[in-house]
Amino acid sequence: MNTRRNFLKTLGISGLALNLVPYTAWANSVAPYNKDYDGRVLRVAIMGLGSYGTRVAEAMKGCVKAKLVGVISGTPSKIADWQARYNIPEKNCYNYENFDDIKNNPDIDAVYVITPNGLHHDQVIRVANAGKHVICEKPMAVNAKEGKEMIEACKAANVQLLVGYRMHFEPQTLEVIRMRNAGDFGKITFFQGLCGFKIGDPAQWRLNKQLSGGGSMMDIGIYAINGSRYMTGEDPIWVTAQETKTDHIKFKEGIDETIQFQFGFPSGAVASCLSSYNMNNLDKFFLDGEKGYAEMQPSTNYGPIKGHTNKGELMQPITNHQTVQMENMAAIIFEGMQPIVPIDGYEALKDLKIIDAIYTAVNTGKKTEIHI
Ligand code: NDP
């Protein structure tokens with residue numbers, strides 16, 4: 001018998017409802033999900049109506065604290081489609097030329113930027129200058145310099161900058177973090193993060209340096225970087241890294257195909273990670289300590305996330321990551337909720353500094369210090 005299913009049965013949670021059960025009741029960080037919520041609702045416009053934007057929009061149907069109310073898109077046919085699908089009024093529809101006018105729209109609180117990485121910097125700064133809170137997809141930018149400028153712009157405009165780190169609200173992940181903090185694994189000694197998939201269409205923006213800022217590291221390797229930090233509870237202080245390229249036509253100059261990288265942490269713990277656009281089935285985290293361990297596979301896909309520790313199977317509820325993320329982002333913006341693992345611009349800047357250091361280590365072949 002599946003123990004996860006038995007556990008959920010005992011909680012009276014079954015079938016479709018699983019997707020909408022938030023982590024909050026278990027993680028104890030915000031008030032439990034409340035269908036009768038009558039507080040302030042975060043009114044969100046999505047910029048970039050692509051694959052992930054669509055996923056977020058669908059997930060937001062399950063939110064009570066956040067609502068999709070607007071769109072910003074370069075494709076008029078998508079705008080018409082989304083207006084019909086999500087009941088979006090004409091006055092909340094913008095394109096990339098006129099979205100600065102959003103500053104005059106009192107019915108939009110925040111813009112969620114879900115466009116190619118290389119566009120995030122300018123778009124986030126324009127949203128901040130329009131006086132709206134910004135949610136930005138990962139990677140927040142393509143290097144630390146851009147990231148700092150985005151943080152500064154949001155600070156100057158007095159708006160919040162949050163980044164789409166959906167794993168920071170995922171229940172199995174939070175349970176491992178709780179166990180680590182409780183000392184269940186003892187002193188942490190090692191983390192392994194394997195993140196990769198075989199990328200398709202060679203013409204897509206992810207393989208265009210100007211739009212992507214890099215290759216697999218920007219897109220999928222960042223999960224191992226960020227995961228190494230929230231799983232160990234430390235930020236790395238040095239990195240060594242090696243790139244392997246087998247297809248120089250698909251993966252042009254500046255687009256990394258596969259990078260293996262190793263971190264050292266202040267405590268003496270080490271990490272060994274792999275990021276790839278040319279290997280399948282790589283979605284695995286392993287955390288080792290002197291008294292125990294945690295293993296997760298899949299560790300960062302849309303779920304269900306599965307894992308076990310030396311104490312047994314992780315049995316936290318299965319959630320829709322994007323629904324829970326948006327609920328929590330609304331609570332962060334309007335209620336001052338503090339997430340267990342931060343999701344603000346400073347958190348994202350740390351990952352960008354590490355990415356910069358990884359590329360330096362690849363290019364120099366040297367052990368590179370990381371100054372966070
Ligand atoms: P898509 O290519 O599916 O969508 C991107 C959208 O951006 C396009 O549909 C388009 O929307 C808009 N866009 C604006 N300018 C351009 C341009 N020059 N070229 C291409 N598209 C453009 O990408 P994804 O949705 O997969 O990724 C978008 C962002 O979300 C990335 O930063 C990515 O890293 C992140 N992401 C995060 C995930 C997560 O789990 N947190 C998962 C997947 C992606 P329109 O036609 O409306 O203008």
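This is a predicted model: local features need pLDDT of at least 70, side-chain atom pairs count only at pLDDT 80 or more; totals for chains, interfaces and linings use all residues.
Reader: Which residue pairs with lysine 138?

Author: Lysine 138 forms a salt bridge with aspartate 219, and their closest N and O atoms are 3.6 Å apart. Lysine 138 lies in the loop between strand 5 (133–136) and helix 6 (144–157), while aspartate 219 belongs to helix 9 (residues 216–232), so the pair ties together parts that are 81 residues apart in sequence.

Reader: What about arginine 178, which residue does it bridge to?

Author: Arginine 178 forms a salt bridge with glutamate 175, with 2.9 Å between the closest N and O atoms. Both residues lie in helix 7 (residues 171–181), three residues apart, which is about one turn of the helix.

Reader: How accessible are arginine 178 and glutamate 175?

Author: Arginine 178 is partly exposed, with a relative accessible area of 45%. Glutamate 175 has a relative accessible area of 16%, so it falls under the 20% limit and is buried.

Reader: And where does lysine 311 come in?

Author: The side chain of lysine 311 meets that of aspartate 184 in a salt bridge, at 3.5 Å from N to O. This pair links distant parts of the chain, 127 residues apart: aspartate 184 is in the loop between helix 7 and strand 7 (188–196), and lysine 311 is in the loop between strand 13 (307–309) and strand 14 (312–313). Aspartate 184 is buried, with a relative accessible area of 18%, whereas lysine 311 is exposed, at 58%.

Reader: Which residues do shared partners join into one network?

Author: Salt bridges with shared partners join Arg40, Arg43, Lys91, Asp107 and Asp109 into one network.

Reader: New topic: how many residues has the largest nonpolar core?

Author: The largest nonpolar core has 106 residues, and Phe261, Phe263 and Ile358 have the most contacts inside it. Helix 11 (residues 345–364) gives the most to this core, with 10 residues.

Reader: What does phenylalanine 263 touch?

Author: Leaving aside residues up to four places away in sequence, phenylalanine 263 touches several residues, including Trp238, Val270, Ile354, Ile358 and Ile370.

Reader: What about the second largest pocket, what is its volume?

Author: The second largest pocket has a volume of about 330 Å³. Its lining has 17 residues, with Gln160, Leu161, Asp344, Gly345 and Tyr346 the closest to its centre.

Reader: Which elements supply at least two residues of this lining?

Author: Helix 6, strand 6 (161–163) and helix 11 each supply at least two residues. The largest share, three residues, comes from helix 6. The lining of the second largest pocket has 11 nonpolar, four polar and two charged residues.

Definitions and conventions. Residues are numbered from 1 along each chain as its sequence is written. Side-chain values use heavy atoms; hydrogens and water are left out. A salt bridge is a side-chain nitrogen of Lys or Arg within 4 Å of a carboxyl oxygen of Asp or Glu. Helices (H or I, at least four residues) and strands (E, at least two) are DSSP runs, numbered from the N terminus. Buried means under 20% relative accessible area, exposed over 50%, partly exposed in between (1.4 Å probe, protein chains only). A nonpolar core is a set of buried Ala, Val, Leu, Ile, Met, Phe, Trp, Tyr and Cys residues joined through side-chain atoms within 4.5 Å. Contact means heavy atoms within 4.5 Å. On a 1 Å grid over the protein atoms alone, a cavity is a set of points where a 1.4 Å probe fits but cannot get out, and a pocket is an open set with protein on both sides within 12 Å along at least five of seven lines; lining residues have an atom within 4 Å of a point. Grid points are joined across faces, edges and corners, and a volume is the space filled by probe spheres set on the points. Ala, Val, Leu, Ile, Met, Phe, Trp, Tyr, Cys and Pro count as nonpolar, Asp, Glu, Lys and Arg as charged, and the others, Gly among them, as polar.
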